[in-house]
Amino acid sequence: MRNLLITLCLPLGFGCSHILNGMNTGTNETEVQNNNQTTQLVNNQRDVADPVSNDRLFQSDFAQKNSHTKPTPPMRKNINHYVRGIMQDMVENLQYVNGKTPLAVSSFVFLDDDFNDSSLLGNQISESFMHELHNFGIPVIDFKTTDYMRVTSEGDFVFSRDYLELNQEQNFKYVLAGTLVSSQGGVLVNARIVGLQSKAVVGTAQGFIPQSVVDALNSNYRTDGIMLKQASK
């Protein structure tokens with residue numbers, strides 16, 4: 001009887017073992033299949049690029065420039081630039097004039113014209129030389145300054161070209177003067193410092209001002225097509 005029970009139990013044990021193995025095998029196959037499907041879905045997804053910040057966009061060489069932006073016009077040299085160069089040459093050979101020697105500056109005149117008649121160009125050159133002399137530490141006497149302020153309906157004035165309104169006694173012994181010569185492409189400038197009493201030349205310099213710079217000084221000053229001021233002789 002005992003042997004019979006053992007014989008009957010053995011097939012049952014093998015059957016259960018076979019069922020359990022089949023269940024485990026099916027579970028593993030399902031997990032593998034699910035993993036394969038997940039991997040395939042991930043692989044099929046499209047790659048998304050990282051968002052680009054505005055800073056990177058503007059700093060990129062491929063950023064498009066605004067076509068409506070006007071280019072900055074080049075800076076043009078004016079008369080002051082050329083007078084500065086002439087003054088530097090004069091200082092290199094200047095004698096008897098220093099920080100304790102006041103001098104005056106006269107209007108520059110054209111060499112082939114009447115020395116009693118100047119122009120806007122000649123007066124502007126003298127104004128520029130006054131500025132450059134002051135920068136070099138040389139005292140400048142403005143003899144066109146009156147002893148009073150003249151108040152009129154046209155404005156308030158302290159300068160005058162009427163010698164009757166000016167002080168007859170001036171404290172300067174040297175004067176910076178010069179002549180102008182029209183040349184091809186511009187104007188030649190001959191500048192010198194002369195002693196009033198000795199008539200001795202104590203400093204000289206020469207320079208050249210392009211015609212385009214001279215024409216810019218004599219051109220009309222306009223804003224939005226409206227003439228505001230006309231520079232005349």
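What follows is a short tour of this chain, from the overall layout down to single residues.

**The overall layout**

Keep in mind that this is a predicted model. The chain carries 5 helices and 9 strands. Going along the sequence, they come in the order α-α-α-β-β-α-β-β-β-β-β-α-β-β. Of the 233 residues in the chain, 22% are buried. If you take the contacts between residues at least 6 apart in sequence, 57% of them join residues at least 24 apart.

**Where H4 meets H5**

Let's start with a helix pair. Helix H4 covers residues 120-135 and helix H5 covers residues 211-218; their axes come within 10 Å and cross at roughly 100°. Angles from 65 to 115 degrees count as roughly perpendicular, so H4 is roughly perpendicular to H5. On the H4 side, the contact is made by Leu120, Leu121 and Gln124, while H5 brings in Val214, Leu217 and Asn218. Sorted by type, the residues of this contact are 4 nonpolar, 2 polar and no charged.

H4 also holds glutamate 132. Is this glutamate 132 buried or exposed? With a relative accessible area of 5%, glutamate 132 is buried. Leaving aside residues up to four places away in sequence, glutamate 132 touches Asn80, Val83, Arg84 and Met87.

**Two aromatic pairs**

Now for the rings. A pair of aromatic rings is described by how far apart the centres are and by the angle of the planes. The count here comes to 2 aromatic pairs, and the table puts them side by side.

| Pair | Centre to centre | Angle between planes | Arrangement |
|---|---|---|---|
| Phenylalanine 108 and phenylalanine 129 | 5.4 Å | 5° | stacked |
| Phenylalanine 143 and phenylalanine 172 | 6.1 Å | 40° | tilted |

The stacked pair of phenylalanine 108 and phenylalanine 129 links distant parts of the chain, 21 residues apart. Phenylalanine 108 sits in the loop between strand S1 (103-105) and strand S2 (109-110), and phenylalanine 129 sits in helix H4. Phenylalanine 108 has a relative accessible area of 0%, so it is buried. Phenylalanine 129 is at 0% as well and counts as buried.

The tilted pair of phenylalanine 143 and phenylalanine 172 also links distant parts of the chain, this time 29 residues apart. You'll find phenylalanine 143 in the loop between H4 and strand S3 (145-152), and phenylalanine 172 in the loop between strand S4 (155-159) and strand S5 (174-183). Buried means under 20% relative accessible area, so phenylalanine 172, at 18%, counts as buried, whereas phenylalanine 143, at 25%, counts as partly exposed. Phenylalanine 143 has another neighbour: lysine 144 lies over the face of its ring, 5.0 Å from the ring centre.

Last stop, the backbone. Most residues other than glycine have a negative phi. Which phi does tyrosine 96 have? Tyrosine 96 has a positive phi of about 65°, although it is not a glycine.

Lysine 199 is not a glycine either, and has a positive phi of about 60°. Look for lysine 199 in the loop between strand S6 (186-195) and strand S7 (201-210). With a relative accessible area of 57%, lysine 199 is exposed.

Terms used. Residues numbered from 1 in each chain as written. Predicted model: local features only at pLDDT ≥ 70, side-chain atom pairs only at ≥ 80, totals over all residues. Heavy atoms only, no water. Axes fitted to C-alpha atoms, helices over the stretch in contact; angles between N-to-C directions. Helix = DSSP H or I, 4+ residues; strand = E, 2+ residues; numbered from the N terminus. Parallel < 35°, antiparallel > 145°, perpendicular 65-115°, else oblique. Contact = heavy atoms within 4.5 Å. Nonpolar A, V, L, I, M, F, W, Y, C, P; charged D, E, K, R; others polar. Phe/Tyr/Trp six-rings, centres within 6.5 Å; stacked < 30°, edge-to-face > 60°. Buried < 20%, exposed > 50% of the residue type's maximum accessible area, 1.4 Å probe, protein only. Lys NZ or Arg CZ within 6 Å of the ring centre and 35° of its normal.
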